[in-house]
Amino acid sequence: MNKKLLALIFGAGLVLAACGGGNDNADTSKDTSTNTGTTTETASVDAEKIVSAKCISCHGQNLEGQGNFPALKDVGSRLSQDEILNVIENGRGAMPGGIISGDEAQAVAEWLAAKK
């Protein structure tokens, strides 16, 4: 029992350390000029760059999944964009919520939803 608890605590610490982090590699520039008058923040966010900075440490270099972390290379065939966004914002299983937020989370959810 103690070994399982220790492994769980160690694993959770590893996940939090690997998946968290700054926003150093994310492009957060916003393009608010459109013909409809609405903002297009997610169009100017480089979702692939954010995934590379925030997700591959747990989900694998090619999003193939590793250990307890599922593959994301075909996540769009399993989850809708809204479901993916929910996981990003609120977490699921060993993944904590809030690693990515706002327009970046929207852009990443849209990008991952296209992976089928």
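User: Is R78 buried, partly exposed or exposed?

Analyst: The model is a predicted one. Buried residues have under 20% relative accessible area and exposed residues over 50%. R78 has a relative accessibility of 45%, so this residue counts as partly exposed.

User: With which residue does R78 form a salt bridge?

Analyst: The criterion is a side-chain nitrogen of Lys or Arg within 4 Å of a carboxyl oxygen of Asp or Glu. By that rule the count comes to one salt bridge. The closest N and O atoms of the pair are 2.5 Å apart, and the partner of R78 is D74.

User: What is the order of the elements of the protein from the N terminus on?

Analyst: The secondary structure comes to five helices and two strands. Read from the N terminus, the order of these elements is α-α-α-α-β-β-α.

User: Which helix gives the most to the lining of the largest pocket?

Analyst: The lining of the largest pocket has 24 residues. Two or more of them come from each of helix 3 (56-59), helix 4 (81-90) and helix 5 (102-113). The element that gives the most, with three residues, is helix 4.

User: How many residues of the lining of the largest pocket are nonpolar?

Analyst: The lining divides into nonpolar, polar and charged residues. Three are polar and three are charged, while the number of nonpolar residues is 18.

User: Is H59 buried or exposed?

Analyst: H59 lies in helix 3 and is among the residues nearest the centre of the largest pocket. Beyond four places in sequence, H59 touches E64, G65, Q66, F69, P70, L72 and M95. The relative accessible area of H59 is 8%, which is under the 20% limit, so H59 is buried.

User: How far apart are the C-alpha atoms of E48 and V108?

Analyst: E48 has its place in helix 2 (residues 47-54) and is partly exposed, with a relative accessible area of 47%. Along the chain, E48 and V108 are 60 residues apart. The separation of their C-alpha atoms is 7.3 Å.

User: Is Q61 buried or exposed?

Analyst: Q61 is found in the loop between helix 3 and helix 4. The C-alpha atoms of Q61 and V51 are separated by 9.8 Å. The relative accessibility of Q61 is 59%, so this residue counts as exposed.

User: What share of the contacts with a separation of 6 or more joins residues 24 or more positions apart?

Analyst: The protein has 116 residues, of which 31% are buried. Among contacts with a separation of 6 or more, the share from residues 24 or more positions apart is 56%.

Methods: Residues are numbered from 1 along each chain as its sequence is written. This is a predicted model: local features need pLDDT of at least 70, side-chain atom pairs count only at pLDDT 80 or more; totals for chains, interfaces and linings use all residues. Side-chain values use heavy atoms; hydrogens and water are left out. Buried means under 20% relative accessible area, exposed over 50%, partly exposed in between (1.4 Å probe, protein chains only). On a 1 Å grid over the protein atoms alone, a cavity is a set of points where a 1.4 Å probe fits but cannot get out, and a pocket is an open set with protein on both sides within 12 Å along at least five of seven lines; lining residues have an atom within 4 Å of a point. Helices (H or I, at least four residues) and strands (E, at least two) are DSSP runs, numbered from the N terminus. Ala, Val, Leu, Ile, Met, Phe, Trp, Tyr, Cys and Pro count as nonpolar, Asp, Glu, Lys and Arg as charged, and the others, Gly among them, as polar. Contact means heavy atoms within 4.5 Å.
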